[in-house]
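Let us go through some labels given to parts of a predicted model.

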Amino acid sequence: MTRIRKGFAALLVGLALVLSAAAPAAAHTGKLKLTVAGDGADGVTVQATYADGHRLDKPVRLTLTGTGPEGRRLGPVQLEPQPEGQGFYSSGPVLSPGTWRVTVKAPAPNAGQAAAEIQARPAQSPPAPAPVAVTAPAPADRAEGSTWWWPVALAALVLTALAVAVPMLFSRRRTS
(Lines give C-alpha, C1' and ligand atoms only; values in the text may rest on other atoms or scores of the structure.)
Protein backbone atom coordinates (compact mmCIF):
# COMPACT_ATOMS: atom_id res chain seq x y z
CA MET A 1 0.00 0.00 0.00
CA THR A 2 2.88 2.41 0.66
CA ARG A 3 4.21 1.93 -2.88
CA ILE A 4 0.92 3.18 -4.26
CA ARG A 5 1.06 6.26 -2.01
CA LYS A 6 4.66 7.00 -3.03
CA GLY A 7 3.78 6.64 -6.70
CA PHE A 8 0.75 8.89 -6.30
CA ALA A 9 2.86 11.50 -4.43
CA ALA A 10 5.51 11.40 -7.17
CA LEU A 11 2.79 11.88 -9.81
CA LEU A 12 1.41 14.92 -7.95
CA VAL A 13 4.87 16.46 -7.57
CA GLY A 14 5.55 15.95 -11.30
CA LEU A 15 2.22 17.50 -12.20
CA ALA A 16 2.94 20.48 -9.93
CA LEU A 17 6.34 21.01 -11.58
CA VAL A 18 4.85 20.92 -15.06
CA LEU A 19 2.14 23.39 -14.12
CA SER A 20 4.56 25.76 -12.37
CA ALA A 21 6.85 25.73 -15.41
CA ALA A 22 3.94 26.50 -17.73
CA ALA A 23 2.52 29.28 -15.53
CA PRO A 24 5.12 31.99 -16.38
CA ALA A 25 4.79 31.29 -20.10
CA ALA A 26 1.03 31.60 -19.88
CA ALA A 27 1.38 34.90 -18.02
CA HIS A 28 3.27 36.41 -20.99
CA THR A 29 0.72 36.22 -23.77
CA GLY A 30 -0.19 39.91 -23.78
CA LYS A 31 1.12 42.96 -25.57
CA LEU A 32 4.75 43.65 -26.30
CA LYS A 33 6.65 46.82 -25.52
CA LEU A 34 8.85 47.67 -28.51
CA THR A 35 11.75 50.14 -28.30
CA VAL A 36 12.87 51.27 -31.78
CA ALA A 37 16.18 53.00 -32.52
CA GLY A 38 18.70 53.46 -35.30
CA ASP A 39 21.87 51.40 -35.33
CA GLY A 40 24.12 54.42 -35.97
CA ALA A 41 24.36 53.75 -39.70
CA ASP A 42 21.66 52.59 -42.12
CA GLY A 43 19.69 50.05 -40.08
CA VAL A 44 17.07 49.75 -37.35
CA THR A 45 17.28 47.94 -34.00
CA VAL A 46 14.38 46.89 -31.79
CA GLN A 47 14.32 45.72 -28.17
CA ALA A 48 11.13 43.74 -27.45
CA THR A 49 9.90 42.99 -23.91
CA TYR A 50 6.57 42.01 -22.47
CA ALA A 51 4.40 44.91 -21.29
CA ASP A 52 5.01 43.87 -17.65
CA GLY A 53 8.78 44.36 -18.15
CA HIS A 54 9.84 40.70 -18.40
CA ARG A 55 12.24 39.61 -21.11
CA LEU A 56 10.95 38.05 -24.27
CA ASP A 57 11.30 34.28 -23.86
CA LYS A 58 10.49 33.22 -27.43
CA PRO A 59 11.01 34.71 -30.89
CA VAL A 60 8.17 36.76 -32.33
CA ARG A 61 7.58 37.98 -35.87
CA LEU A 62 8.29 41.70 -36.12
CA THR A 63 7.80 43.69 -39.31
CA LEU A 64 9.27 47.06 -40.20
CA THR A 65 7.78 49.69 -42.49
CA GLY A 66 9.02 53.19 -43.08
CA THR A 67 8.82 56.45 -44.98
CA GLY A 68 12.02 58.27 -45.84
CA PRO A 69 13.30 61.34 -47.63
CA GLU A 70 11.46 62.38 -50.80
CA GLY A 71 8.58 60.03 -49.95
CA ARG A 72 10.57 56.81 -50.29
CA ARG A 73 8.84 53.77 -48.83
CA LEU A 74 10.29 50.73 -47.11
CA GLY A 75 8.74 47.44 -46.15
CA PRO A 76 7.31 45.44 -44.86
CA VAL A 77 10.66 43.92 -43.82
CA GLN A 78 10.75 41.04 -41.35
CA LEU A 79 13.21 41.63 -38.52
CA GLU A 80 15.44 38.78 -37.40
CA PRO A 81 16.38 37.97 -33.79
CA GLN A 82 20.02 38.77 -33.06
CA PRO A 83 22.47 37.06 -30.69
CA GLU A 84 23.10 40.29 -28.75
CA GLY A 85 20.35 39.43 -26.28
CA GLN A 86 16.86 38.13 -25.69
CA GLY A 87 14.29 40.15 -27.58
CA PHE A 88 16.89 42.07 -29.62
CA TYR A 89 16.09 42.43 -33.33
CA SER A 90 17.92 44.15 -36.18
CA SER A 91 17.09 45.00 -39.77
CA GLY A 92 20.56 45.20 -41.22
CA PRO A 93 21.39 47.91 -43.78
CA VAL A 94 18.01 48.81 -45.29
CA LEU A 95 17.77 52.63 -45.06
CA SER A 96 19.24 55.20 -47.40
CA PRO A 97 20.78 58.31 -45.84
CA GLY A 98 18.29 60.81 -44.47
CA THR A 99 15.51 61.08 -41.89
CA TRP A 100 13.13 58.11 -41.73
CA ARG A 101 9.87 57.59 -39.90
CA VAL A 102 9.73 53.84 -39.14
CA THR A 103 7.03 51.67 -37.57
CA VAL A 104 7.56 48.19 -36.10
CA LYS A 105 4.58 45.89 -35.55
CA ALA A 106 4.14 42.54 -33.81
CA PRO A 107 1.13 40.37 -34.69
CA ALA A 108 -1.32 38.74 -32.27
CA PRO A 109 -1.24 37.05 -29.75
CA ASN A 110 1.68 39.30 -28.73
CA ALA A 111 0.46 42.46 -30.41
CA GLY A 112 2.57 45.56 -30.18
CA GLN A 113 3.52 48.59 -32.22
CA ALA A 114 6.11 51.35 -31.94
CA ALA A 115 7.25 54.18 -34.19
CA ALA A 116 10.37 56.31 -34.20
CA GLU A 117 12.15 58.92 -36.29
CA ILE A 118 15.61 57.73 -37.27
CA GLN A 119 18.50 59.60 -38.86
CA ALA A 120 20.19 57.15 -41.24
CA ARG A 121 23.79 57.77 -42.17
CA PRO A 122 26.04 55.95 -44.62
CA ALA A 123 28.21 53.33 -42.94
CA GLN A 124 31.69 54.67 -42.35
CA SER A 125 34.97 52.87 -42.60
CA PRO A 126 37.65 53.51 -40.01
CA PRO A 127 40.16 56.22 -40.86
CA ALA A 128 43.47 55.16 -42.37
CA PRO A 129 46.19 54.88 -39.74
CA ALA A 130 48.65 57.75 -39.63
CA PRO A 131 52.21 56.86 -40.66
CA VAL A 132 54.54 56.27 -37.74
CA ALA A 133 58.22 57.15 -37.96
CA VAL A 134 60.37 54.27 -36.72
CA THR A 135 63.91 55.03 -35.72
CA ALA A 136 66.46 52.40 -34.76
CA PRO A 137 68.47 53.05 -31.62
CA ALA A 138 72.15 53.85 -32.02
CA PRO A 139 74.52 50.86 -31.73
CA ALA A 140 75.99 52.23 -28.46
CA ASP A 141 72.51 52.51 -26.94
CA ARG A 142 71.73 48.91 -27.86
CA ALA A 143 74.91 47.59 -26.28
CA GLU A 144 74.46 49.48 -23.01
CA GLY A 145 70.79 48.66 -22.65
CA SER A 146 71.07 44.91 -23.18
CA THR A 147 74.25 43.88 -21.31
CA TRP A 148 73.87 45.37 -17.84
CA TRP A 149 72.06 42.34 -16.44
CA TRP A 150 74.70 39.73 -17.40
CA PRO A 151 77.00 40.42 -14.43
CA VAL A 152 74.02 40.37 -12.05
CA ALA A 153 72.79 37.03 -13.46
CA LEU A 154 76.30 35.54 -13.28
CA ALA A 155 76.71 36.65 -9.65
CA ALA A 156 73.32 35.17 -8.73
CA LEU A 157 74.27 31.87 -10.40
CA VAL A 158 77.61 31.69 -8.54
CA LEU A 159 75.95 32.45 -5.19
CA THR A 160 73.33 29.78 -5.80
CA ALA A 161 75.99 27.20 -6.68
CA LEU A 162 77.96 28.07 -3.53
CA ALA A 163 74.81 27.86 -1.38
CA VAL A 164 74.31 24.28 -2.60
CA ALA A 165 77.98 23.14 -2.71
CA VAL A 166 79.27 24.48 0.65
CA PRO A 167 76.84 22.52 2.86
CA MET A 168 77.57 19.39 0.82
CA LEU A 169 81.36 19.78 1.34
CA PHE A 170 81.19 20.34 5.09
CA SER A 171 78.54 17.83 5.95
CA ARG A 172 79.62 14.48 7.33
CA ARG A 173 78.41 11.38 5.80
CA ARG A 174 76.16 9.53 8.17
CA THR A 175 76.50 5.81 8.39
CA SER A 176 73.64 3.75 9.48
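Q: Which residue is the bridge partner of Glu-80 in strand 5?
A: The partner is Ser-90.

Q: Why are strand 4 and strand 5 called a pair?
A: Pairing needs at least two bridges between the strands. Strand 4 and strand 5 (residues 88-90) are joined by two bridges, so they pair. The two strands run antiparallel.

Q: What lies between the strands in the hairpin of strand 4 and strand 5?
A: Six residues lie between them. Gly-87 in this hairpin takes a positive phi near 75°.

Q: How many bridges join strand 3 to strand 4?
A: Five bridges join them, and the strands run antiparallel. Two would be enough for a pair, because at least two is the requirement. Leu-64 has Val-77 in strand 4 as its bridge partner.

Q: What makes up the turn of the strand 3 and strand 4 hairpin?
A: Five residues separate the two strands. Glu-70 sits in the turn, with a positive phi of about 60°.

Q: Why is Thr-49 called buried?
A: Its relative accessible area is 18%. Buried means under 20%, so Thr-49 qualifies. Thr-49 belongs to strand 2. Setting aside residues up to four places away in sequence, Thr-49 touches Leu-32, Lys-33, His-54 and Leu-56.

Q: Why is Pro-59 called exposed?
A: Pro-59 has a relative accessible area of 66%. Pro-59 lies in the loop between strand 2 and strand 3.

Q: What does Pro-59 touch, not counting residues up to four places away in sequence?
A: Pro-59 touches Pro-81 and Tyr-89. As for Phe-88, it is 29 residues from Pro-59 in sequence and 9.5 Å away in space, C-alpha to C-alpha.

Q: Why does Leu-162 count as partly exposed?
A: Leu-162 has 45% relative accessibility. Buried is under 20% and exposed is over 50%. The value falls in between, so Leu-162 is partly exposed. Leu-162 is placed in helix 3 (residues 149-170).

Q: What makes the nonpolar surface patch of about 870 Å²?
A: The patch is made by Leu-154, Leu-157, Val-158, Leu-159, Leu-162, Val-166, Leu-169 and Phe-170. A patch residue needs over 30% relative accessible area. Leu-162, at 45%, clears that cut-off.

Q: Which residues have the most contacts inside the largest nonpolar core?
A: They are Leu-34, Val-36, Val-44, Val-46, Leu-62, Tyr-89 and Val-104. The core has 23 residues. Elements giving two or more residues to this core are strand 1 (32-38), strand 2 (44-50), strand 3 (62-67), strand 4 (73-81), strand 6 (98-106) and strand 7 (112-120). In soluble globular proteins, nonpolar side chains tend to be buried together.

Q: What is Val-36 in contact with, leaving aside its neighbours within four places in sequence?
A: Val-36 is in contact with Val-44, Thr-45, Val-46, Val-102, Val-104, Ala-114, Ala-116 and Ile-118.

Q: Which pattern does the chain follow along the sequence?
A: The pattern is α-β-β-β-β-β-β-β-α-α.

Q: What share of the 176 residues is buried?
A: Buried residues make up 22%.

Definitions and conventions:
Residues are numbered from 1 along each chain as its sequence is written. This is a predicted model: local features need pLDDT of at least 70, side-chain atom pairs count only at pLDDT 80 or more; totals for chains, interfaces and linings use all residues. Side-chain values use heavy atoms; hydrogens and water are left out. Patches are made of residues with over 30% relative accessible area and no salt bridge: like charges are joined within 9 Å, nonpolar side chains (Val, Leu, Ile, Met, Phe, Trp, Tyr) within 5 Å. Accessible areas come from the Shrake-Rupley method with a 1.4 Å probe; for residues, only the protein chains shown count as cover. A salt bridge is a side-chain nitrogen of Lys or Arg within 4 Å of a carboxyl oxygen of Asp or Glu. Helices (H or I, at least four residues) and strands (E, at least two) are DSSP runs, numbered from the N terminus. Buried means under 20% relative accessible area, exposed over 50%, partly exposed in between (1.4 Å probe, protein chains only). A nonpolar core is a set of buried Ala, Val, Leu, Ile, Met, Phe, Trp, Tyr and Cys residues joined through side-chain atoms within 4.5 Å. Contact means heavy atoms within 4.5 Å.
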